[in-house]
Amino acid sequence: MIQSIKLIEESEEQEFGYTMPHDHKMDFDCSSFGTKPISIKIEFLDEIVNFRNFDHNWVEIKGNHLSNWYSPKIIELKNGYFVQSSHLTGIWEVDCKNKRTLYWHFNKRNSNPISNYDENNSRKIIDADSVKFQHEYVSLLFSKEQAMEVSRSRVPFSAIVCFTDHCDFDNLKNLEEQRLFFKRKNIRITKGFFLNDFSNKSDTACYAKHNEELSKWLVDGHELAYHSLSKSIKSLDESISDFKLFNPPFDIKTYIDHGFQPYNFSLFENHEALKFDYGNVLRDKGVEHVWNYIDSGTSVKGVINQINPAHFTLERFSEGIKHLSFRLKVQMLIKNIIFHYFNDDDNLKLYRSIAIHIKSTKKKKIKRHLLILKKMIRLSWRILPILLLWPRKKRKIYPLAKFSPLMFNHHISGNEFFVFQTLEMVDFKLGLCKDNIDLLIEESGLFIAHTYFSAPMNYHRGKLFGKIGEVDPVVESNFEYLSSKIEAKEIWNPTLKELVQHLSSLKTVVFDCNEHGAIKVECQKDIVFRNII
């Protein structure tokens with residue numbers, strides 16, 4: 001049934017020792033895998049004809065198909081055998097260019113990405129430190145009868161909607177308005193908040209001054225998450241002192257970076273006073289989940305499912321904004337090229353310096369105008385090849401979305417954390433339109449939204465509050481429709497803490513075969529399974 005098996009490490013292929021199949025099972029010894037990117041290349045004698053997709057449907061092998069750890073790992077061979085993994089760990093990949101080959105990737109580059117900023121605020125993408133491979137062995141299971149898959153949703157095989165909100169623009173009034181809005185819609189979110197009252201705006205909401213209102217969010221079933229500790233940046237010594245000495249007001253599991261606070265997850269390694277015990281401090285304060293400071297893409301019409309890589313291309317994005325004015329389409333497309341298609345620090349810095357210059361109302365000297373013009377020309381020359389080669393470039397999946405890195409483990413100072421990636425959602429008219437909600441349900445999809453529900457800026461389209469204190473009627477209609485789908489059990493709406501807790505239980509699932517070749521579950525924890533044929 002299997003022609004050859006090879007271990008691929010750092011682009012070198014070598015024969016890989018494995019246990020020959022006994023009955024319906026083939027074991028692979030993973031005890032020496034470590035933390036390096038490694039792939040098992042498995043070549044079958046028969047072609048792979050079907051792939052169990054992330055949406056829990058069979059798809060023919062017509063392109064490139066990927067399955068991360070929270071999705072099924074099941075294929076069907078031409079000879080009628082179902083092949084599935086004993087564990088959900090790693091990433092399966094099958095490509096139509098070679099239908100007899102299955103790759104099983106571990107620690108694949110960009111599958112667990114984290115943003116790191118240096119002392120000059122230059123960003124680089126690194127891979128999470130998973131310490132070591134979590135299983136001593138993995139197996140391929142072969143069955144003529146059936147395969148078995150697990151639901152990643154607590155509502156069996158449904159879509160999942162999770163909101164994480166950044167509190168940059170919260171004040172007491174709009175904080176209450178947001179809470180009452182979500183209470184009416186029966187929608188729960190993970191709400192970021194500032195612990196301290198240090199801010200460049202006197203009305204910034206924070207726990208130090210508004211704990212009574214924030215406590216009501218907990219009563220309503222929301223999760224509260226640190227959005228750093230304060231809105232504005234103190235001196236380095238004061239910031240480090242704040243981080244090391246703050247007292248959690250209650251059990252808080254989630255930390256979301258804000259701005260360029262020196263104690264941010266994306267910045268702490270630049271400071272000797274934080275570098276070696278950062279993970280210890282977070283764990284002592286009860287934090288277990290941190291944001292990787294990365295968005296898979298920006299949600300517009302047709303871009304909603306974070307675990308479907310096909311949503312994250314320039315073609316899909318441009319199609320989703322085609323009804324907008326020409327000027328707005330160009331602006332949004334350029335931003336998407338820079339932030340998601342390129343996603344490199346040099347282009348990001350160019351774009352941000354130009355954007356700051358354009359938005360600034362201060363009078364500028366001629367030299368400054370000329371400098372920005374020079375940067376605009378540089379940026380244009382980098383974007384031009386994308387436009388000239390549009391038919392070829394438009395279908396390329398964004399580099400940090402290809403493997404759908406939703407959540408993954410990372411170790412800091414010997415402590416394990418769950419790191420999560422988000423989908424930017426600033427336009428709730430486009431991002432949460434009814435077609436998108438239906439699409440998410442159809443694909444049994446999932447998103448963890450990165451939102452600003454109280455954003456007041458005029459250039460933000462599709463805001464929750466169209467006018468101060470007034471919910472936009474189109475946005476309200478979209479949330480009403482979402483609410484109805486949650487109530488109908490077509491969507492599960494967990495907080496981030498609940499989502500992490502449920503998804504992490506998938507890592508405990510172990511499948512095996514009985515003596516007749518039927519797939520069975522060896523280990524389970526309040527998880528829904530079903531047989532498939």
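Leu218 is partly exposed, with a relative accessible area of 34%; partly exposed lies between buried (under 20% relative accessible area) and exposed (over 50%), using a 1.4 Å probe and protein chains only. The model is predicted: local features need pLDDT of at least 70, side-chain atom pairs count only at pLDDT 80 or more, and totals for chains, interfaces and linings use all residues. Residues are numbered from 1 along each chain as its sequence is written, and side-chain values use heavy atoms, with hydrogens and water left out.

**Leu218 and helix H2**
- Leu218 sits in helix H2, residues 207-219. Helices (H or I, at least four residues) and strands (E, at least two) are DSSP runs, numbered from the N terminus.
- Beyond its neighbours within four places in sequence, Leu218 is in contact with Leu224 and Phe250. Contact means heavy atoms within 4.5 Å.
- Leu218 and Lys434 are 216 residues apart along the chain, and their C-alpha atoms are separated by 29 Å.

**Helix H3**
- Helix H3 covers residues 236-245, and its buried residues are Ser239, Ile240, Asp242 and Phe243.
- Seen down the axis of H3, these buried residues fall within an arc of 155 degrees, so they line one face of the helix. The arc is that of the directions from the helix axis to the C-beta atoms.
- Asp237 and Leu245 are exposed on the other side of H3.
- Helix H4 (272-275) and helix H5 (278-284) are what the buried residues of H3 pack against.

**Asp295**
- Strand E20, residues 289-298, contains Asp295.
- Asp295 is buried, at a relative accessible area of 14%.
- With neighbours within four places in sequence left aside, Asp295 is in contact with His340, Gln421, Thr422, Leu423, Glu424 and His450.
- The side chains of Asp295 and His450 are joined by a polar contact of 3.0 Å. A polar contact is a pair of N or O atoms within 3.5 Å; within protein, one must be able to donate a hydrogen and the other to accept it, and residues adjacent in sequence count only if both atoms are side-chain atoms.
- Ile448 is 153 residues from Asp295 in sequence and 9.5 Å away in space, C-alpha to C-alpha.

**Nonpolar cores**
- The largest nonpolar core has 81 residues. Such a core is a set of buried Ala, Val, Leu, Ile, Met, Phe, Trp, Tyr and Cys residues joined through side-chain atoms within 4.5 Å.
- Phe163, Phe447, Phe479 and Leu482 have the most contacts inside this core.
- Another core, of 35 residues, lies apart from it; Ile256, Tyr293, Phe418 and Trp492 are among its members.
- Leaving aside neighbours within four places in sequence, the contacts of Phe447 include Ile160, Val161, Cys162, Phe163 and Ile304.

**Strands and sheet**
- An open sheet is formed by 6 strands in the order E3-E14-E9-E8-E5-E6, with antiparallel pairing. Two strands pair if DSSP finds at least two bridges between them.
- Strand E3 (25-29) and strand E6 (58-60) are the edge strands, each pairing on one side only.
- Strand E5 (residues 48-52) and strand E8 (residues 74-77) run antiparallel and are joined by 3 bridges. Asn50 stands opposite Glu76 in E8.
- Strand E12 (residues 113-117) and strand E13 (residues 123-127) also run antiparallel, joined by 5 bridges. Ile114 stands opposite Ile126 in E13.
- The hairpin of E12 and E13 has 5 residues between the strands, and Asn121 takes a positive phi near 60 degrees there.
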